[in-house]
Amino acid sequence: MAKYNTLLYYCYSTIANAEQFAADHLKFCKSLGLTGRIIVAEEGLNGTVSGTAEACRTYMDTLHADTRFAGIDFKVDEVDEPSFVKMHCRYKSEIVHSGLRDPKVINPQKQTGKHLEPAEFLAMKDRDDVVVLDVRSNYEHNLGKFKNALTLDIENFRDFPAMINELAQYKDKKILTYCTGGIKCEKASALLLHEGFTDVYQLHGGIIKYGKEAGGEDFEGKCYVFDNRLSVDVNSVNPVVISTCLNCGKTTPKMINCANPECNEHFTQCDDCGTAMDGCCSDACKAHPRKRVYDGTGYYVKVPQPVNVAKKGKMQLAE
Ligand SMILES: [Zn+2]
Ligand SMILES: [Zn+2]
């Protein structure tokens, strides 16, 4: 039985004194022994945290008891060990960096694409008048995406607004956007509506919730996630592998970090090339003097032991 949970969530909700909120919230998370990353902005919260099932339950209950966050839809994964090493809670100007900072122009609390639950998305996605749009970045959709989805050649979500012109040819279609957990779609679909698209929908809860509630049907490959796991399985109905080894081109679902800590690139590599390359992305990285020992997993982050009171005191002193 899994001892730990990893939670993924976001919430667009106005937070006054967001900087102070971030500082207080960090203390609260540490008091529960959670690890993870949370971004706080005036427009809301975006987080992924990991801890004991009990700590996660307390965390969710506490947020739900706050009227600003009562509607948060937490995606809960059972994990064997915490998915993060440290706890970060930071104030930023946006909860997902889009470069669309003016809330008067793009404000998902006021206008955003219609939310589709996983079953509704599944029923609609193959219709002739529908375009399924992946709003994530290259390294994400290269590892996995919906069958027949339109993908964008972008390195970062902040490049999304510049791609709108390329999408203009689909203005008369229904646009169904999706991302990992739903947060990017709130802004991407809001922007599409602002730019004159009229029939815009978004997959509520993203790929993660779709995997849990619709079996991940027609999601090809794996879903990139922003924690130590690197990727998670989505499709239990008709899974296929679409990613290829960076070095030899063979099909492989295995995502690793480059063993050169100064590179640390996330990429897919087959087991044979992993052995031949010592888990490195290139010959230059393989020759790097600080190269880490490749143990076949491609993970290099040490996972802390379950937090007890004595340890917690020590960890806080160390920071
Ligand atoms: Zn290979
Ligand atoms: Zn490298």
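Which residues coordinate the zinc ion (ligand 1), and at what distance?

A: Cys 245, Cys 248, Cys 270 and Cys 273 coordinate the zinc ion (ligand 1), each through its SG atom, at 2.3 Å. Donors here are N, O and S atoms within 2.8 Å of the metal, or 3.2 Å for Na, K and Ca; water is not among the atoms, so sites may look incomplete.

Some ground rules come next. This is a predicted model, in which local features need pLDDT of at least 70 and side-chain atom pairs count only at pLDDT 80 or more, while totals for chains, interfaces and linings use all residues. Residues are numbered from 1 along each chain as its sequence is written, chains are lettered from A and ligands numbered from 1 in the order in which they are written, and side-chain values use heavy atoms, with hydrogens and water left out.

Back to the site of ligand 1. The angles among the four donor atoms of the zinc ion (ligand 1) run from 102 to 115°, and the site is tetrahedral. That label requires all angles of four donors to lie between 85 and 135 degrees; four count as square planar and six as octahedral if opposite donors are over 155 degrees apart and all others between 65 and 115, and anything else is irregular. For reference, ideal angles at a metal are 109.5 degrees for four tetrahedral donors. Along the sequence, the donors of ligand 1 follow the spacing C-x2-C-x21-C-x2-C.

Cys 245 has 4% relative accessibility, so it counts as buried. Cys 248 has 43%, so it counts as partly exposed. The classes use relative accessible area: buried is under 20%, exposed is over 50%, and partly exposed is in between (1.4 Å probe, protein chains only).

The zinc ion (ligand 2) is held by the SG atoms of Cys 258, Cys 263, Cys 281 and Cys 285, at 2.3 to 2.4 Å. Its donor angles are 105 to 117°, and the site is tetrahedral. The donor spacing for ligand 2 is C-x4-C-x17-C-x3-C. Cys 263 and Cys 285 link distant parts of the chain, 22 residues apart. Cys 263 sits in the loop between strand S14 (255–257) and strand S15 (266–268), whereas Cys 285 is in helix H9 (residues 283–286). Helices (H or I, at least four residues) and strands (E, at least two) are DSSP runs, numbered from the N terminus. Cys 263 is partly exposed because its relative accessibility is 29%. Cys 285, at 8%, is buried.

Now the surroundings. The protein chain has 10 helices and 15 strands. Its radius of gyration is 20 Å, close to the 20 Å that the globule rule gives for 319 residues, so the chain is as compact as a globular protein of that length. The radius is taken over C-alpha atoms, and the rule is 2.2 Å times the number of residues to the power 0.38. The C-alpha trace spans about 55 × 50 × 35 Å along its principal axes. Of the 319 residues, 50% count as buried.

Strand S1 (residues 4–12) has eight of its nine residues buried. S1 runs antiparallel to strand S3 (residues 44–52), with nine bridges. S1 also pairs with strand S4 (residues 75–79), again antiparallel, over five bridges. Pairing requires at least two DSSP bridges between the strands. Cys 11 lies in S1, and its bridge partner in S3 is Leu 45. In S4, Val 76 stands opposite Leu 7. Cys 11 is buried, at 9% relative accessible area. Beyond its neighbours within four places in sequence, Cys 11 has contacts that include Glu 43, Arg 68, Phe 69 and Ile 95. Contact means heavy atoms within 4.5 Å.

One span carries a record. UniProt, in an unreviewed entry, lists residues 126–219 as "domain: Rhodanese". Such positions are given in the numbering used here, feature names are shortened, and annotations may be inferred rather than shown by experiment. The span is 30% helix and 19% strand, and its end C-alpha atoms lie 13 Å apart. Helix H7 (residues 206–213) has six of its eight residues buried, so it is largely enclosed by the rest of the structure. Among the buried ones are Ile 207, Ile 208 and Tyr 210. Just after H7, Gly 215 takes a positive phi of about 70°.
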